[in-house]
Amino acid sequence: MAEKNTLLSGRNLSKQFKGLLAVSGVDIDIHQGEIVGLIGPNGAGKSTTFNLLSGFLPPTTGQLTIGGADMTGAMPERISAQGLVRTFQHSSYLPTMTVEDNVLIGALGGTRSGRVARAGQAEVIRQAIDLFGLAEQRNSIAKNLPHGLQRLLSMAIAFAARPSLICYDEPLTGLNQTEVAETLKVYRRLKSEFGMSILLVEHNMRAVMSICDRIYVLHHGEIIFTGTPDEVKSSEAVLKAYLGEAHDI
Ligand SMILES: Nc1ncnc2c1ncn2[C@@H]1O[C@H](COP(=O)(O)OP(=O)(O)OP(=O)(O)O)[C@@H](O)[C@H]1O
Ligand SMILES: [Mg+2]
C-alpha cells in the first residue's frame, strides 16, 4: 500500500488564555483525501484548535506542519496559500454582495496562492455554485438568502479557493434534513472527485458518524480518543466525556 500523504500535522499544540488552558498537547494528523471529525462537548476547545491550525491564533506551545512546510506561528494568509481554508462557526460571507461575487472572492484567494489559474476562474466559480446548489440564487444578495443557503454559500466560498484541506466549523447548524443530506453528498464529492481533505467540527453526531473516516475527540482541551466512527461510538472514555451532555452519540 502506498504511504499516506500527510497534509497537516500538529504536534503538542496548546493554547493558554490567561488562566485557562483551552487546548493542551494536541497531536493531530490529516492525510490527503481524508474526512476527519473533531468532536467534543461544548467548550472542549474545538474552535480554538481550528484557530491554531488555520493561523488565527498563535499556539502557546507546539508545532504545525502543512504540506511539508513549517507553519508554526504563520498568519492565516500564509496558511491558506499553503492549501488550508476554513469557515467560521457563524456564516462567513459579504452580506451586501451577490452569491456569485462572494464565490469570486473565494476563487481570488485561490488565484493569489496559485491554485486557481486566472483563466480557469469562471469555471471554478460555476463549479462551486453548482456543487453547493446555489445556481438559482447566483445573482441574489447574500444577506437575503434563507439561513440554510447562507451556510452553503460559506462552504462554496471556501471551496472556490481550491484548497487541499477545508476546515468546516459547525457547517450543518440550522440546515434542514434535506440540506444536511445534500451537504454530506457534496463532501463525498470533494473527497472523491477533487481529492480534497476535510476537517469537520460538528455537533450533528449522526452526520459526523456517517461521513468521517476518522474522528478525534476533544475533552477539556485534550484529545481523549482517536478512531473510526465505530470505535468512537463504543469508547467508554468518549461516552463518559459526553455524560450529562444533551448529545446522543
Ligand atoms: N479568545 C478567548 N479568550 C479567552 N478564552 C477563550 C477564548 N476563546 C475560547 N476561550 C475559552 O476556551 C475554551 C474552549 O473554547 P472553544 O470555543 O474552543 O470551544 P468549542 O469546543 O469550540 O465549543 P463550542 O462547542 O461551544 O463551539 C472555552 O472555555 C472558552 O470559553
Ligand atoms: Mg466552537
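Student: Where is the place of Lys15?

Tutor: Strands are DSSP E runs of at least two residues, and helices are H or I runs of at least four, numbered from the N terminus. Lys15 has its place in strand S1. This is a predicted model, where local features need pLDDT of at least 70 and side-chain atom pairs count only at pLDDT 80 or more, while totals for chains, interfaces and linings use all residues. Residues are numbered from 1 along each chain as its sequence is written, and side-chain values use heavy atoms, with hydrogens and water left out.

Student: In which sense do S1 and S2 pair?

Tutor: Two strands pair if DSSP finds at least two bridges between them. Strands S1 (residues 6-17) and S2 (residues 20-31) pair in the antiparallel sense over eight bridges. Gln16 is opposite Leu21 in S2. Two residues lie between the strands of this hairpin, and Lys18 has a positive phi near 45 degrees.

Student: Is Lys15 buried or exposed?

Tutor: Buried means under 20% relative accessible area, exposed over 50%, and partly exposed in between (1.4 Å probe, protein chains only). A salt bridge puts a side-chain nitrogen of Lys or Arg within 4 Å of a carboxyl oxygen of Asp or Glu. Lys and Arg count as positive, Asp and Glu as negative; His and the chain ends are not counted. Lys15 is buried but has no salt bridge, and Asp70, the nearest side chain of opposite charge, is 15 Å away.

Student: Which residues does Lys15 touch?

Tutor: Contact means heavy atoms within 4.5 Å. Not counting residues up to four places away in sequence, Lys15 touches residues including Leu20, Thr48, Leu57 and Thr60.

Conventions: Chains are lettered from A and ligands numbered from 1 in the order in which they are written.
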